[in-house]
Amino acid sequence: MLQVPDYEFWFVTGSQHLYGEEQLKSVEKDARDMVDKLNASKKLPYPIVFKMVATTADSITQLMKDVNYNDKVAGVITWMHTFSPAKNWIRGTKLLQKPLLHLATQYLDHIPYDTIDFDYMNLNQSAHGDREYGFINARLQKHNKIVYGWWGDPEVQDEIADWEDVAVAYDESFKIKVARFGDNMRNVAVTEGDKVEAQIQFGWTVDYFALGDLVESVNAVSESDIDKKYKELQDKYEFVQGDNDKDKYEHSVRYQIREYFGIKNFLDKGNYSAFTTNFEDLYGLEQLPGLAAQLLMDEGYGFGAEGDWKTAALDRLVKILTHNQATAFMEDYTLELQKGKEAILGSHMLEVDPGIASDKPRVEVHPLDIGGKADPARLVFTGREGDAMDITISDFGTEYRMIGYAVEGHKAPKPTPHLPVAKQMWTPKMGLKHGATQWIHDGGGHHTVLTFAANETQIQDLATMFGLTFNDIK
């Protein structure tokens, strides 16, 4: 399954020596208490570590250097307990290469009217300390996140938690390696892209491999490994032989398992976490990877069909963000245009991630009238209901651009007995006509990543961290 390192976030509290040592001791005491209680809330996916009360430019600069070179640290959370002169933060903030969250909060959630005095006011200056600090981040165009509100409120803690997942995804993005088995589908424009710029902006390494390299790995898979996986899948999924004779059915399923191990072993050997295939380039393979690709996606590998390496990397990236929950490679396939029922039916030839299944997937074998190979096994299932985000990345030559919208996922109103693939229906929340028109106008592709686990704010935050234009269709 998808493995992410044990990241942590460093917590820094801003102040200055103007108020005296006793006040600084109180600042540290409050900050440590906040950190302890945030960690104790069990809402945060990654722990926060209190590092210091920042009072000088030199100490801030050194800490930010340490953050950059500590692989365990995914980002920094700052809080201005008192007024912290922002010039002290300039050098360190400019050097910081990891995500930054400004927690605009106050230690207490109320004003102690009966006891408040000027000492209290000096100690609790977040109201204007946050504005001083926020100004310098804005002037430096830091693209930082701001979470405003009392740190003890569950909704504020949820915002911090959501941001932590985004920050970890950002850091992990620079480790994503995509293996392209074959090239892009011929004559298709939107799946092309500048791989060098993608590595500069997103950290993605995209490498090409001839099918012969993969075939060698597929052919090396042992029968005992296939036997074991076959039994495992029988326990997990419903095996439906259908009109196939027993030998053909079992051979097709076993060959997909062979492809699964062949691809997985190849990817793991080279530290690749995403891959592409192309039905136009299957030389040496018996079948287009269907069940094989689905099993790998279910484990957290990113995937893109027809050589679409951008979507493969984006799929992996969002899987990291969501802890591989309910996130799938998808394609807009066909439309329901009846008034009041407007929807998109999303699917693909074979490769839809079972992580969005609402029923028990069935292992079926059917002909595939494309690619010119043997009938492949695949998982057939129905998608789920609920709020989701559908996003894609396009290369416009001068920039990469993310395009997306919020959607409502739902199931087909009737059975589709003659459609032997996985399927998911959805309707853009702003309406199909408006949403699809704007999507097309903005240049969004037909391959997407559909996620029921990442929210709109997280996707926007992710785009902001990368300095990526995000056309969030409303």
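**Entry 1. Strand E6.** I began with E6, where four of the five residues are buried, so this strand is largely enclosed by the rest of the structure. I keep in mind that the model is predicted. Next I looked up the partner of E6. E6 pairs with strand E7 (residues 205–209) in the parallel sense, over five bridges.

**Entry 2. The five-stranded sheet.** I then traced an open sheet of five strands. Its order is E2-E1-E3-E4-E5, and the pairing is parallel. Which strands stand at the edges? They are E2 and strand E5 (145–148), each with a single partner strand, so one side of each has no neighbour in the sheet. I noted an average twist of 25 degrees from one strand to the next. Helix H5 (residues 126–139) packs on this sheet and touches E3 and strand E4 (100–104). The direction of H5 makes about 155 degrees with that of E4.

Within the sheet I looked at one pair of strands. Strand E1 (residues 8–14) and strand E3 (residues 73–80) run parallel and are joined by seven bridges. Thr 13 has Trp 79 in E3 as its bridge partner.

**Entry 3. Trp 79.** I stayed with this residue, which lies in strand E3. Is Trp 79 buried or exposed? Its relative accessible area is 0%, and because buried means under 20%, Trp 79 counts as buried. I listed its contacts, leaving aside neighbours within four places in sequence. Among them are Phe 11, Val 12, Thr 13 and Gly 14, as well as Asp 30, Ala 31 and Met 34. The list also includes Leu 103, Thr 105, Gln 106, Tyr 107 and Ser 126. For a distance I took Ile 257, which is 178 residues from Trp 79 along the chain; the two C-alpha atoms are separated by 51 Å.

**Entry 4. H6 against H12.** I turned to helix packing. Helix H6 (residues 154–173) and helix H12 (residues 309–321) have axes 8 Å apart and pack at an angle of about 140 degrees. H6 and H12 are therefore oblique to each other. Their crossing is right-handed. From H6, I find Asp 165, Val 166, Val 168, Ala 169, Glu 172 and Ser 173 in the contact, and from H12 Leu 317, Ile 320 and Leu 321. By kind, the residues of this contact are six nonpolar, one polar and two charged.

**Entry 5. H8 against H10.** Helix H8 (residues 211–219) packs with helix H10 (residues 246–269) at about 115 degrees, and the axes are 8 Å apart. The crossing of H8 and H10 is right-handed. H8 contributes Asp 213, Leu 214, Ser 217, Val 218 and Asn 219 to the contact. H10 contributes Tyr 255, Arg 258, Glu 259, Gly 262, Ile 263, Asn 265 and Phe 266. I recorded the make-up of the contact of H8 with H10 as five nonpolar, four polar and three charged residues.

**Entry 6. Helix H11.** How many residues of helix H11 (residues 291–298) are buried? Eight of the eight are, so H11 is largely enclosed by the rest of the structure. The buried residues include Leu 291, Leu 295, Leu 296 and Met 297, and also Gln 294 and Asp 298. Just after H11, Gly 300 has a positive phi of about 115 degrees.

Entry 7. Lys 42, not a glycine, has a positive phi of about 65 degrees. I place Lys 42 in the loop between helix H1 (21–40) and strand E2 (48–54). Lys 42 is exposed, at 73% relative accessible area. Asn 187 also has a positive phi, near 70 degrees. Asn 187 sits in the loop between strand E6 (177–181) and helix H7 (195–202). Its relative accessibility is 84%, so Asn 187 counts as exposed.

**Entry 8. Asp 119.** Last, I checked a residue of helix H4 (residues 118–123), Asp 119. Asp 119 counts as exposed, at 53% relative accessibility; the cut-off for exposed is over 50%.

Conventions: Residues are numbered from 1 along each chain as its sequence is written. This is a predicted model: local features need pLDDT of at least 70, side-chain atom pairs count only at pLDDT 80 or more; totals for chains, interfaces and linings use all residues. Side-chain values use heavy atoms; hydrogens and water are left out. Axes are lines fitted to C-alpha atoms, for helices over the stretch in contact, and angles run from 0 to 180 degrees between N-to-C directions. Helices (H or I, at least four residues) and strands (E, at least two) are DSSP runs, numbered from the N terminus. Angles under 35 degrees count as roughly parallel, over 145 as roughly antiparallel, 65 to 115 as roughly perpendicular and the rest as oblique. A crossing is left-handed if the near helix is turned anticlockwise from the far one by less than a right angle, and right-handed if clockwise. Contact means heavy atoms within 4.5 Å. Ala, Val, Leu, Ile, Met, Phe, Trp, Tyr, Cys and Pro count as nonpolar, Asp, Glu, Lys and Arg as charged, and the others, Gly among them, as polar. Buried means under 20% relative accessible area, exposed over 50%, partly exposed in between (1.4 Å probe, protein chains only). Two strands pair if DSSP finds at least two bridges between them.
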